[in-house]
Amino acid sequence: FDKPPSEIIELWKYFKGVHVHISIDDIGERNEYIRYPVKWEKTKEVLNWYDNESDTNIQIDIAKTVQNLNLYYVPEMIEWVIEQNYKKVCKGNGGVPYHHLCTNPERCSPKVLPNLAKQIITDKFFNWYDNFIKNYKPETNNSQILDNFEFQMTRVKQLTDFMDDETIVTNLDTSIEEHFHHMKVWNTALDKQRNTNYLESFPIFKDF
């Protein structure tokens, strides 16, 4: 994970506009786990380069893929991005990241979370979302940016609806519980290979 090579940066100068999406799925140790082997300090360094040193024709957005590991922590990432007071990063969305949904492989989908997890996440989202919308407004009168902000926050609000939809698209006759079991087995195997620990990186899973 690094800033673009000089050849690409030079090429970008010939375009009226360049829209860069950077795939960052969480903050700190959690992003290091999902985007292994990236390092968070390097990620922040690249973001700061785009924000302070990229040309004026460059628009930068963070594209976050929401899966079962990071769904609970979506509010923390949104607030972190806003707290950075970026000049360019995510400004086209009113200061918040894009949110995409992970549906495949099924073991990564938020749909496979156990009911206790879904209830904990839903309670957190409802309390956080109403307070956030009440207290945060993008500092702009640009109607397109305001529309983008509203659209992204609507997607955030709908994350729990997606999570509660237990329709799994698969060729296998596999239950929700089996998919979640596969997720635990997969992450445990990764941890052994990488010397990581998903329960330490995502401690809410200790409750599940």
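Good morning. I begin with Asn 195, which lies in the loop between helix 8 and helix 9 (198–201); helices here are DSSP runs of H or I with at least four residues, strands are runs of E with at least two, and both are numbered from the N terminus. Please note that this is a predicted model, in which local features need pLDDT of at least 70 and side-chain atom pairs count only at pLDDT 80 or more, while totals for chains, interfaces and linings use all residues. Residues are numbered from 1 along each chain as its sequence is written, and side-chain values use heavy atoms, with hydrogens and water left out.

Asn 195 is not a glycine, yet its phi is positive, at about 60°. Its relative accessible area is 73%, so Asn 195 counts as exposed (over 50%; buried is under 20%, and partly exposed lies in between, with a 1.4 Å probe and protein chains only).

Cys 90 also has a positive phi, of about 70°, without being a glycine. Cys 90 sits in the loop between helix 4 and strand 3. Is this residue, Cys 90, buried or exposed? With a relative accessible area of 0%, Cys 90 is buried.

Two peptide bonds also deserve mention. Tyr 36 and Pro 37 are joined by a cis bond, with omega about 10°, and Pro 37 belongs to the loop between helix 2 (28–34) and helix 3 (40–53). A cis bond also links Asn 104 to Pro 105, with omega about 5°; Pro 105 is in the loop between strand 3 and helix 5. As background, most residues other than glycine have a negative phi, and most peptide bonds are trans.

Strand 1 is joined to strand 2 (residues 58–66) by six bridges, and Ile 22 has Ile 62 in strand 2 as its bridge partner.

Finally, the largest nonpolar core has 32 residues, of which Leu 71, Ile 78, Phe 132, Met 153 and Phe 205 touch the most other members. Such a core is a set of buried Ala, Val, Leu, Ile, Met, Phe, Trp, Tyr and Cys residues joined through side-chain atoms within 4.5 Å. Elements giving two or more residues to this core include helix 4 (74–83) and helix 8 (176–194). Helix 5 gives the most, with six residues. Thank you.

Notes. Pairing = 2+ DSSP bridges.
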